[in-house]
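Work through the exercises below with the sequence and the structure in view. Try each task before reading its solution.

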Amino acid sequence: MTIDDPHRLGSPLTLACGQVLPNRLMKAALSEGLGTPSHAPDDRLTRLYTRWGTGGFGLVITGNVMVDRTHLGEPGNVVIEDDRDLDGLTTWAKATKDGGSPIWMQLNHPGRQANPLATKAKPVAPSAVASGVPGLPAPRALTESEILDIVDRFATAASVAEAAGFDGVQIHGAHGYLVSQFLSPLSNRREDRWGGNLDGRMRFVLEVVRAIRAAVSPGFAVGIKLNSADFQRGGFTEEESRETVEHLAGERIDLIEISGGSYESPAMMGRATVAASTAAREAYFLEYAREVRQAAGDVPLAVTGGFRTRKAMNHAVAEGDCDVIGLGRPTTVVPDAGRQLVDERVERLDAPRISLGLPRALAKVRALKALDGALDLQWHTDQLHILGRGDDPDPTRPAWRTAATMIERNGVDAFRSRRSAT
């Protein structure tokens with residue numbers, strides 16, 4: 001098979017749990033903000049995922065579903081604490097699977113990145129270390145019993161997801177959320193068994209994986225989204241990430257999605273400094289994926305962030321740099337991107353980059369950089385809300401309308417970085 005063989009993207013992939021992905025294209029997680037006031041899924045999510053389910057993707061991953069309704073990533077999060085919303089969750093899963101795509105639920109706890117517009121409780125974290133994201137209050141440190149409770153919450157949510165018909169779950173262990181807070185020495189300064197050296201900082205994520213595995217059937221997939229690095233001085237390093245991958249590979253993980261950065265240093269949006277060679281390859285984290293392959297062993301790797309051309313996607317898979325291509329923002333304006341790529345109907349996908357157009361000097365100011373990122377993410381979230389209404393995407397939507405929507409929904413506090421994926 002040649003490197004540019006267009007059928008490579010269309011080849012199936014068998015996971016360790018026995019699940020078969022029909023092709024190598026994954027709709028990566030995008031936070032939808034389409035839950036009801038009681039944090040249940042509603043008809044808007046069903047309509048949105050009907051579009052993605054028929055979009056030709058080998059795997060569809062939901063936006064982050066929270067495991068604790070007192071700690072939310074943003075307004076409109078779906079939350080699973082028990083089976084009270086099983087009917088709605090079942091409808092959500094079926095809407096996707098009826099279109100031919102498997103669907104995994106991304107499970108998350110925001111930790112110190114809890115959104116103050118949606119979270120009334122004081123945010124929690126491994127240690128009482130504030131985030132550098134503007135507008136986020138300082139957290140308090142979790143107790144031992146609270147840590148164990150959160151581990152159980154992940155397992156409960158996974159069990160409910162399986163009962164609802166989802167094919168798997170993905171643990172969100174990247175982008176500065178709670179799992180990655182435990183992994184990073186910048187945010188985890190604990191001196192007990194949950195902190196200290198990497199073995200201690202890894203304990204939380206390994207316990208979450210083990211608890212989920214014990215709560216679900218053998219054929220239910222368990223994946224994780226993991227940072228290649230924090231891209232912050234003194235943070236979680238690539239060497240530590242490789243060692244974490246090695247340990248995760250021993251825990252019957254089915255798929256490891258490689259990302260990177262946090263909302264303090266948003267490498268996952270291409271807004272951190274990258275080498276020219278990385279830009280030429282399109283994908284932000286492909287070089288790291290190549291390096292971590294040995295540590296991952298037989299566990300397939302997905303890379304999300306920056307892929308835009310079919311040629312680059314084919315090349316990455318055919319060369320063995322990764323096994324799955326994750327697509328985020330492009331799927332908000334091209335919901336059938338998977339089918340178009342596999343059927344060779346498109347050579348390139350483009351996601352508009354929405355920006356304030358600030359002068360270079362101002363663009364480096366942290367608060368303004370966060371504002372610019374918030375506007376970009378919210379513009380793409382607006383596309384999800386348009387799809388949720390049953391309408392087609394609006395790629396020509398002006399940035400000022402998104403800015404007005406942000407203020408209308410959340411007030412002036414909306415202008416801080418929201419969470420999503422690329």
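Predicted model: local features only at pLDDT ≥ 70, side-chain atom pairs only at ≥ 80, totals over all residues.

Residues are numbered from 1 along each chain as its sequence is written, and side-chain values use heavy atoms, without hydrogens and water.

**Exercise 1.** Find which residues of helix α2 are buried.

Solution. Helices are DSSP runs (H or I, at least four residues), numbered from the N terminus. Helix α2 covers residues 86-97, twelve residues. From first C-alpha to last it reaches 16 Å, close to the 16 Å expected at 1.5 Å a residue, where the expected span is 1.5 Å times one less than the number of residues. Its buried residues (under 20% relative accessible area, 1.4 Å probe, protein chains only) are Leu89, Trp92, Ala93, Ala95 and Thr96. They lie on the same side of α2, because they cover an arc of only 155° around the axis, taken from the directions from the helix axis to the C-beta atoms. An α-helix has 3.6 residues a turn, so residues three or four places apart point the same way.

**Exercise 2.** How many disulfides does the whole structure hold?

Solution. A disulfide is a pair of cysteine sulfur atoms within 2.5 Å. The search finds zero.

Note on methods
Helix = DSSP H or I, 4+ residues; strand = E, 2+ residues; numbered from the N terminus. Buried < 20%, exposed > 50% of the residue type's maximum accessible area, 1.4 Å probe, protein only.
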